[in-house]
Amino acid sequence: MSIRKRIKVGGGIIALAFVTLVGSSLGIQQSMVGLAGSQRLLTEAMHNHMQADMLHDAIRGSVYRALHTAARGDSTERDDAIAEINEYSGDMHKYVDANRKLPLDADIESALEPVAEGLKSYTIAATDVAKMIAANDPQAEANVVKVDAAFHALETAQDNVAKAIEARQKQLNETAALLGTGSLIGELIVALAFAAILFWAMRTLNRLVVDPIDQLAGKLERMTAGDLDVPIEAGSGNDEVSAIQRAALAFQGAAQARRVAVAAQARVVAEISGGLDALAAGDLTYRIDTQFDESYEGLRQAYGRTRDQLSQLIQNVSGSASRVLNGSGEIGTASNNLADRNMQQAAQVEEAAAAVNQVAKGVSATASNASSVRESIEQAHRDAHESGEVIQRTTEAMSAIAASAQEIAQIITLIDGIAFQTNLLALNAGVEAARAGDAGKGFAVVANEVRALAQRSADAAADIRKLISSSDAQVTSGVALVHETGAVLERILTRMTDIRGQVESIAAECASQADVVGQVNGSVNEIDRGTQQNAA
């Protein structure tokens, strides 16, 4: 199997371990999400149950308040109490029906059935007494016993619902704890297995690839240093390391053959150098009689032909020397005329050199200015990029503000609940104060004040909720504007990147032109000096 295939197999095993780890984590997370949904349902059911429980007490308190105010002859307060009985009865039915519609467990649903039946009996008894009180029926006070009996029966059923919800909540908490522990243990096991697979893969890679290549690299270094006889094993496998070993062995054979060829070439060079030295000293009788290898024998024969032709050429030159002497007088006259023309050309070339020098300076200044513009654009690009990061941090801060506004809204909802419960407690306290008669008048005043305070708290919470809603809308608008600003900056960054590339191209072209003009300037100066020397 090749190393490439082995690496692919190892990578597949590692990927499988990673997918297993991610899959187990996702499964446990899905279970935790399901538990969170169940706990949310239980929280909603408990909230409805607590509201119904408080209304359960408030209905009874309103009944006693109606009796007490009717006995005092206060018809206005009596009618208020009767209206509260009807209102609280409707609200309590609403909360109980809301719990019955929730997808709760069977034991909680079974516990809710007696509550619905008891609530029906309780509200009927309370409204009947309220009607009798409104009609000034003297039997109204006697029928309060039915209200108390229904009150206690409903209270027992509600206690059972509370116990069922609490039991289910405890069971969900225990399940969540078990899931958390199982998740930790499972992830630890998969992580250890993943680490073991990585360790095995690294050891296998070292054994199959790194160690053989390291040994082969040491032998190649010895060959580079001149030791061409170092032993190299011929790889017999089908993997890449064996192919490298076979290539190294072929390279060693080629190097050894080259060493033999270089030795033969050195002998040829020595013989040819001796012959050329003799020719340089004027000895045209020197011969090379040593036979060369077949590939160099043509070189020895070429030397012999060159020596013979050079001897013949010298004889011809000797005959031509006299003719050259006759023509030298004519050349002297022509040289004087050429000197005059070179002096005129030297003056013109000097003027051209000065002009080219000015052009070279201008092109160099343009290249310098282009480099300065490129640096300015790079600085502007960095500033725009930093502005984009600031926009990103601003978006995150505004999102955090929106989340905080949501948390404040939840706190306001809690304050509403507390104000409502305080109002109900104040109502119950007013009922008890009414039953106490004159001795409870002071307590009734306090209860009314507490009730008024609860009402003001509820009003203030409503005002704060409106402000939070307005602030949330403004924050959402601000986040949209910041995102739009970020998009505009991104387009600016893209344009600046294009401009920077164009300026860099202009700067490079100017620098190239400056180099070319500098070379032209140097060439013109050389021509100027050569022309003046020729004229001299």
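# Exercises on a helical chain

Ser 89 touches Ile 59, Thr 123 and Thr 127, leaving aside residues up to four places away in sequence. The model behind these exercises is predicted.

**Exercise 1. State where Ser 89 sits and decide whether Ser 89 is buried or exposed.**

Step 1. Find the element. Ser 89 belongs to helix α2, residues 75-101.

Step 2. Take the relative accessibility. For Ser 89 the value is 5%.

Step 3. Apply the cut-off. Buried means under 20% relative accessible area. Ser 89 therefore counts as buried, at 5%.

Step 4. The Ser 89 side chain reaches the backbone oxygen of Ile 85 at 2.7 Å.

**Exercise 2. Describe how α2 packs against α3.**

Step 1. Recall what is needed. Two packed helices are described by the angle between their axes and the distance between the axes.

Step 2. Read both values. The axes of α2 and helix α3 (residues 106-134) come within 10 Å, and they cross at roughly 165°.

Step 3. Classify the angle. Angles over 145 degrees count as roughly antiparallel. So α2 is roughly antiparallel to α3.

Step 4. The crossing of α2 past α3 is left-handed.

Step 5. List some of the residues in contact. On α2 they include Arg 78, Ile 82, Ile 85, Ser 89 and Met 92. On α3 they include Leu 112, Leu 119, Thr 123 and Thr 127.

Step 6. Sort the contact by class. The contact of α2 with α3 has 12 nonpolar, six polar and four charged residues.

Step 7. Link back to Ser 89. Thr 123 and Thr 127, both touched by Ser 89, are among the α3 residues in this contact.

**Exercise 3. Work out the setting of Thr 69.**

Step 1. Thr 69 is in helix α1, residues 3-72.

Step 2. The relative accessible area of Thr 69 is 0%, so Thr 69 is buried.

Step 3. Find the backbone oxygen by its side chain. A polar atom of the Thr 69 side chain lies 3.0 Å from the backbone oxygen of Ala 66.

Step 4. Name the contacts. Setting aside residues up to four places away in sequence, Thr 69 touches Asp 74, Glu 77 and Arg 78. Arg 78 also takes part in the contact between α2 and α3.

**Exercise 4. Say what marks out the backbone of Asn 136.**

Step 1. Check phi. Asn 136 has a positive phi of about 60°, although it is not a glycine.

Step 2. Locate the residue. Asn 136 is in the loop between α3 and α4 (144-224).

Step 3. Exposed means over 50% relative accessible area. Asn 136 counts as exposed because its relative accessibility is 57%.

Methods. Residues numbered from 1 in each chain as written. Predicted model: local features only at pLDDT ≥ 70, side-chain atom pairs only at ≥ 80, totals over all residues. Heavy atoms only, no water. Helix = DSSP H or I, 4+ residues; strand = E, 2+ residues; numbered from the N terminus. Buried < 20%, exposed > 50% of the residue type's maximum accessible area, 1.4 Å probe, protein only. Polar contact = N/O pair within 3.5 Å; in protein donor to acceptor, adjacent residues only side chain to side chain. Contact = heavy atoms within 4.5 Å. Axes fitted to C-alpha atoms, helices over the stretch in contact; angles between N-to-C directions. Parallel < 35°, antiparallel > 145°, perpendicular 65-115°, else oblique. Left-handed = near helix turned anticlockwise from the far one by under 90°. Nonpolar A, V, L, I, M, F, W, Y, C, P; charged D, E, K, R; others polar.
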